[in-house]
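Thanks, everyone. Let's walk through this one together, sheets to begin with, then cores, then charges.

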Amino acid sequence: MAETIIFQSLPPRPAPVKTEGLVPWIRTNLFGSWQSTLTTLIVGGLLLYFLPKFLNWAVFTATTVANADACRADGVGACWGVIKEKYRLILFGRYPFDEQWRPLVATLLMVALVVASCTRVFWNKWLAVLWIVVIAIYFVLMSGGYFSLTTVTTDRWGGLPLTIMLTTISLVLAFPLALLVALGRRSQLPAIRTFCTIYVELVRGVPLISVLFMASFMFPLFMPQGLTIDVLIRALAGITLFAAAYMAEVIRGGLQAMPKGQTEAAASLGLSYWQTQFKIILPQALAMVVPGIMNNFISLFKDTSLVSIVSMYELTGSLGLALNSDADWRPYKLEGYLFIVAIYFAFCFAMSRYSLWIEKQVNKSKLR
Amino acid sequence: MTTQAQDNIIVFDKVNKWYGNNFHVLRDINLQVKRGERIVICGPSGSGKSTMIRCINRLEEHQEGHLIVDGTELTDDVKAIDRIRKDVGMVFQQFNLFPHLTVLENLTLSPMYVGKVPKKEAEEKAMAQLKRVRIAEQAGKYPLQLSGGQQQRVAIARALCLTPKIMLFDEPTSALDPEMIKEVLDVMVEMANQGITMLCVTHEMGFAKAVADRVIFMDQGQIVEQNNPHDFFNNPQTDRSKDFLSKILGH
C-alpha cells in the first residue's frame, strides 16, 4: 500500500491592494470606457454651463439687504433680503408675533424628543412616558390658557411647528396602526381580513387632499349638534389614516417575504400568535422594509404641506401667507421657496441618513 | 385513562388528511407509539411522512379520525394544542433558527415566554443543552454565522430546552453537507440513548439500524409496512418496500 500523502493547506494571504489616488480613480470611474467618457463630458459640460449662471444669481449678484427697492435695482440677482424680512412669518405663520417663543420652545422640545427616540440609549420603557409628557407640554405651550399664557386658537398655529407636530404625531400613531392592519390583512379570521383590506383599498383609492377635505368640511356635517372636534385633530386623524394605509402595505410586503418555517418553528416551540408576531416575525419583516418605511415617513413629512388646502398654514402655507399679502415682496417667491426647500431637505436628508444607520443595525445578525 | 393510553404516548386512529380538495395526503393512518420508543419513518417524497409527524404538534390539521398525544386528543381546542406543543419538540430540515436572535436567545425564547422561566435560569439551562450538543462556545453568535451542522445542533438544543416528552425530526440531515451529517447524527444517537420518544423522518439507514426500535415505511399516504430494523432491511415484506430499499441501498 502506498504511503498516504499529508495534505497541507496554503497559508492565507491578504487580498490584493486596490490602486489608490485621485488620478487612477478618475481614470477608472469617469473615463473607463467610451460610454463613460461621453457621459462625463456631457454632464461636465452641463455643469460648466449652468453652475456659473446659478452661482452668479444666487451668490455674486445677490443682495441680502432687507429692502425691496434694493432688490428691484438693475443687475441684482437673488434677493435674500426677503427671508430676512419675512422669516418669522414663514417659520411661525400667523402665530401671535410676541408669543412666538412658545412654538420655538415647543418645537425644539419635540425635535429633541424625536432625536432622543432615535438613539439606542433611550430605548427603554420610559420613552413612552417621555413622549406623553413632551406632547402634553407642546399642546399646553402652543394653545396656552394655563400658567398665565394667553390662549392661541389652533387656526393661528402655523409654519414649521405645525409641520413638525403633524408629522411627528401622525407618524407615531400611523406606525402601530399600520402594523395592526398589515397583520390583519393576513389574519385567519375573514372578518378582520376583509375589514383591513377594505380600509387599505378605500384610503389608497383617494388622494390625500380629498381625505383632508372630508375631514375638514364633510365630517362636521355628520357630527351631532353642539359637538365639534378641532380641525387640527381632524386633519391629524386624516393624515394618520392615510399614511397608515400605505405603510401597512409596505409592512405586509415584509411579512409576505418571511419564510413559513419561522412561523412553524415558533409554533412548535409553543409561542402564541402575538408572541410569534412580536418576537419572531415583525423584527425580521420590519428589518427588510426599512427603506420602504422610511419612504413613507419622508413622504408623510412632505404631504403635511397639503393641510394648507384646509386653511392650516404649515411651512409651505405660511410662505404663501407671508409673501402673497405683501405686494412689495411678492416677486421674490423663488427665494422664499428655496429657503423652505432647504429646510425640507435638511429634515428629509437627516431621515434618510438615519434609515441607513438603522439598516446597518438590523443587519448585524447577517454579518459573517 | 385506559392502560393503553398510558402505554402509548401517541395514537393515530384512522387519521385522514387532504391538501385542498383532491390531494389525499394521509389515508387511514393507524399508529401507536409507545413511551420511549424510537421510530424511523422512511418512504419516497410525497408519501406523507412529514405531514404525518407534523400532525402530532398540529403544524398540520387532520380532517378525519382521532389523534391522541400524551392522553390529549388534538382538536381545535387551542389550550390543548398549547399543552401538547410544550411536550413535543421539533427539528426541521431547514433548521428554522431565528436569524435575528443569537444562539443563546434562540434557546431561551420559549422557556422565558412560554414556560415563564426567569432569564437567568433559562440561560443556565440553555447553556447546559448547548454543551450537550457540543456547541456551547458559539452561544453568542448569530445562526447565520454557523455552519449547517452547527445550526442543526442548535435547533436540536432549542427543542430540548422545553424538556419535551416527544421529539420529532423532519429530515434533519437532508440539507447538510456530507461531512456534517455525522455530527448531527451523533447528537441524535446520544439522545436516543436517554429514553426520549423519537419519531424521525430520515433516509439515514445507518441511523435507523443503530437506534430505531421500529422502522415505518410509507407510500402514497399510507403506512405500507412496519417492522424492527433488522427484519425490515433484511426481509422486507412488500414489493413496494423491496423496490424502495433496492433503490436507496443499491449504491
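We start in chain B, with an open sheet of four strands, ordered β2-β1-β4-β5 and paired antiparallel. Keep in mind throughout that this is a predicted model. Which strands stand at the edges? They are β2, residues 23–34, and β5 of chain B. Each has a single partner strand, so one side of each is left without a neighbour in the sheet.

β4(B) and β5(B) pair in the antiparallel sense, over two bridges. In one of them, B:Val69 has B:Thr72 of β5(B) as its bridge partner. Now the packing. Helix α2 of chain B, residues 49–56, sits on this sheet and touches β1, β2 and β4 of chain B. Its direction makes about 125° with that of β1(B).

On to the other sheet in chain B. This one is open too, with six strands in the order β6-β7-β8-β3-β9-β10, and its pairing is mixed. The edges here are β6, residues 88–91, and β10, residues 222–227. Each of those has a single partner, so one side of each lacks a neighbour in the sheet. From one strand to the next, the twist averages 20°.

β6(B) and β7(B) run parallel, joined by four bridges. B:Gly89 has B:Met167 in β7(B) as its bridge partner. Helix α6 of chain B, residues 148–160, lies across β6 and β7 of chain B. It runs at about 170° to β6(B). Then there is helix α10 of chain B, residues 239–248. That helix lies across β3, β9 and β10 of chain B, at about 100° to β9(B).

Next, the cores. In soluble globular proteins, nonpolar side chains tend to be buried together. Here the largest nonpolar core holds 116 residues. Which members touch the most others? From chain A, they are A:Trp157, A:Met165 and A:Ile251; from chain B, B:Ile10, B:Phe12, B:Ile41 and B:Leu199. The largest share of this core is 13 residues, and it comes from helix α7 of chain A, residues 159–185. There is also a second, separate core of 47 residues, which includes B:Leu104, B:Leu107, B:Leu160 and B:Ala212.

Let me zoom in on B:Ile41. Set aside its neighbours within four places in sequence. Its contacts then include B:Lys49, B:Met52 and B:Ile53. They also include B:Leu199, B:Cys200, B:Val201 and B:Thr202. B:Ile216 and B:Met218 are on the list as well.

Now charges. Side chains of opposite charge can pair when their charged atoms come close. The count over all chains is 23 salt bridges. I'd like to show a network. It links A:Arg185, A:Glu201, A:Arg204, A:Glu249 and A:Arg252 through salt bridges.

Follow A:Glu249. Its side chain meets that of A:Arg185 at 2.9 Å, N to O. A:Glu249 lies in helix α10 of chain A, residues 231–256, and A:Arg185 in helix α7 of chain A, so the pair ties together parts 64 residues apart in sequence. Buried or exposed? Both A:Glu249 and A:Arg185 are buried.

A:Glu249 also forms a salt bridge with A:Arg204, at 3.8 Å, N to O. A:Arg204 is in helix α8 of chain A, residues 190–204, so this pair ties together parts 45 residues apart in sequence. A:Arg204 has a relative accessible area of 34%, so it is partly exposed. Why does A:Glu249 count as buried? Because its relative accessibility is 15%, and buried means under 20%.

Chain B has a pair worth a look. B:Lys165 and B:Asp70 form a salt bridge at 2.7 Å, N to O. B:Lys165 is in the loop between α6 and β7 of chain B; B:Asp70 is in the loop between β4 and β5 of chain B, 95 residues away. B:Lys165 is partly exposed, at 37% relative accessibility. B:Asp70 is partly exposed too, at 22%.

One last stop: A:Ala245, back in helix α10 of chain A. It is buried, with a relative accessible area of 0%. Leaving aside neighbours within four places in sequence, it contacts A:Tyr199, A:Val200 and A:Val203. Twelve residues along the chain is A:Ala257, and the two C-alpha atoms are separated by 19 Å.

That's the tour. Over to you.

Technical notes. Residues numbered from 1 in each chain as written. Chains lettered and ligands numbered in written order. Predicted model: local features only at pLDDT ≥ 70, side-chain atom pairs only at ≥ 80, totals over all residues. Heavy atoms only, no water. Pairing = 2+ DSSP bridges. Axes fitted to C-alpha atoms, helices over the stretch in contact; angles between N-to-C directions. Contact = heavy atoms within 4.5 Å. Core = buried A, V, L, I, M, F, W, Y, C linked by side-chain atoms within 4.5 Å. Buried < 20%, exposed > 50% of the residue type's maximum accessible area, 1.4 Å probe, protein only. Salt bridge = Lys/Arg side-chain N within 4 Å of Asp/Glu carboxyl O.
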